[in-house]
Amino acid sequence: MKTIPTAEAQPGHEDLTLRIDGRQPLSAEVVAAVGAICDSAEDRAGQARIIVQVSGVPQTSWANELTVSLVSKWERALRRLERLPATTIAVADGDCGGLALDVLLATDYRIATGSVRLVVPVESGATWPGMALYRLAGYGANAAAIRRAVLYGTPVEAADALALQLVDELTDEVPRALSLAAERAGAISGTELAIRRQLMSDASVTSFEDALGVHLAACDRALRRATTEVDA
């Protein structure tokens with residue numbers, strides 16, 4: 001069987017493509033690949049879309065060579081991806097765990113085939129306690145499918161992933177779904193998307209009074225942009 005590269009960044013005319021193979025262990029190379037795609041997106045001043053292709057689950061004893069330092073760099077790279085001034089669209093196929101699950105949960109819009117299963121990897125008799133658990137809990141810590149995944153590594157089947165909004169759509173027509181998602185995202189500025197994403201993320205942990213000033217500042221920014229477009 002041909003080995004899928006752990007990560008591969010391919011700049012295109014409009015889109016940037018990142019390919020993540022969840023069968024492979026975490027390495028400095030995959031951290032660098034995510035960093036490189038983030039660099040490319042930022043260089044395009046919010047005009048890029050990132051298409052992330054994810055599949056595969058870790059092999060046995062995949063964490064043997066890991067260090068906390070490397071895991072920290074990986075989590076920071078994912079946080080950077082999550083906050084980019086660019087739309088990130090994931091395409092998931094088959095079993096997705098480890099690196100594949102980590103990246104999938106850090107994207108804006110998630111397309112999955114009907115064969116998809118989301119898998120929290122088990123290492124040394126326990127599930128891996130990375131930030132994927134944190135992101136999964138945000139979709140419903142009391143949901144049975146998520147609880148089983150976090151505690152026991154039980155795969156989240158495609159139907160449950162859709163019902164819990166871990167993926168946005170299930171389809172057997174991935175190219176069409178990807179085209180529609182990219183078209184929808186194309187009308188939105190990446191920089192403005194990043195602002196809206198942050199406002200939405202902060203809403204659950206910020207009081208109305210504390211949030212008001214930040215939202216008013218965003219409204220002022222939007223009004224200034226609208227005035228500039230009219231004058232142009």
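Which residues lie nearest the centre of the largest pocket? The legends below take this predicted model one close-up at a time.

**View 1. The largest pocket and its centre.** E82, Y139, R197, M200 and S201 lie nearest the centre of the largest pocket. The space inside comes to about 1200 Å³. By type, the lining holds 14 nonpolar, 7 polar and 12 charged residues.

**View 2. Elements that line the largest pocket.** Helix α8 (190-203) gives the largest share of this lining, 8 residues. At least two residues each come from α2 (68-82), β4 (87-97), β5 (109-112), α4 (131-137), α7 (174-186) and α8.

View 3. R135 and E82 join their side chains in a salt bridge, 3.0 Å from N to O. R135 sits in helix α4 and E82 in helix α2, so the pair ties together distant parts of the chain, 53 residues apart. Both R135 and E82 are buried.

View 4. D108 and R197 form a salt bridge, with 2.8 Å between the closest N and O atoms. D108 belongs to the loop between α3 and β5, and R197 to helix α8; the two are 89 residues apart. D108 has 29% relative accessibility and counts as partly exposed. R197 counts as buried because its relative accessibility, 14%, falls under 20%.

View 5. R224 pairs with D220, the closest N and O atoms lying 2.8 Å apart. Both residues are in helix α9, 4 residues apart, or about one turn of the helix. R224 is exposed, at 56% relative accessible area. D220 is partly exposed, at 35%. Elsewhere, shared partners join the salt bridges of D39, E42 and R80 into one network. The whole structure has 12 salt bridges.

**View 6. The cavity.** A search of the whole structure finds 1 cavity of 30 Å³ or more. The volume of the largest cavity is about 120 Å³. Its lining has 16 residues, with W62, G98, D102, P121 and W128 closest to the centre. Elements giving two or more residues to this lining are α2, α3 (99-104) and α4. The lining divides into 12 nonpolar, 2 polar and 2 charged residues.

**View 7. A nonpolar surface patch.** F208, L212 and L216 make up this patch, with about 330 Å² of accessible area together. L212 lies in helix α9 (residues 208-231). L212 is partly exposed, at 38% relative accessible area.

Terms used. Residues are numbered from 1 along each chain as its sequence is written. This is a predicted model: local features need pLDDT of at least 70, side-chain atom pairs count only at pLDDT 80 or more; totals for chains, interfaces and linings use all residues. Side-chain values use heavy atoms; hydrogens and water are left out. On a 1 Å grid over the protein atoms alone, a cavity is a set of points where a 1.4 Å probe fits but cannot get out, and a pocket is an open set with protein on both sides within 12 Å along at least five of seven lines; lining residues have an atom within 4 Å of a point. Grid points are joined across faces, edges and corners, and a volume is the space filled by probe spheres set on the points. Ala, Val, Leu, Ile, Met, Phe, Trp, Tyr, Cys and Pro count as nonpolar, Asp, Glu, Lys and Arg as charged, and the others, Gly among them, as polar. Patches are made of residues with over 30% relative accessible area and no salt bridge: like charges are joined within 9 Å, nonpolar side chains (Val, Leu, Ile, Met, Phe, Trp, Tyr) within 5 Å. Accessible areas come from the Shrake-Rupley method with a 1.4 Å probe; for residues, only the protein chains shown count as cover. A salt bridge is a side-chain nitrogen of Lys or Arg within 4 Å of a carboxyl oxygen of Asp or Glu. Buried means under 20% relative accessible area, exposed over 50%, partly exposed in between (1.4 Å probe, protein chains only).
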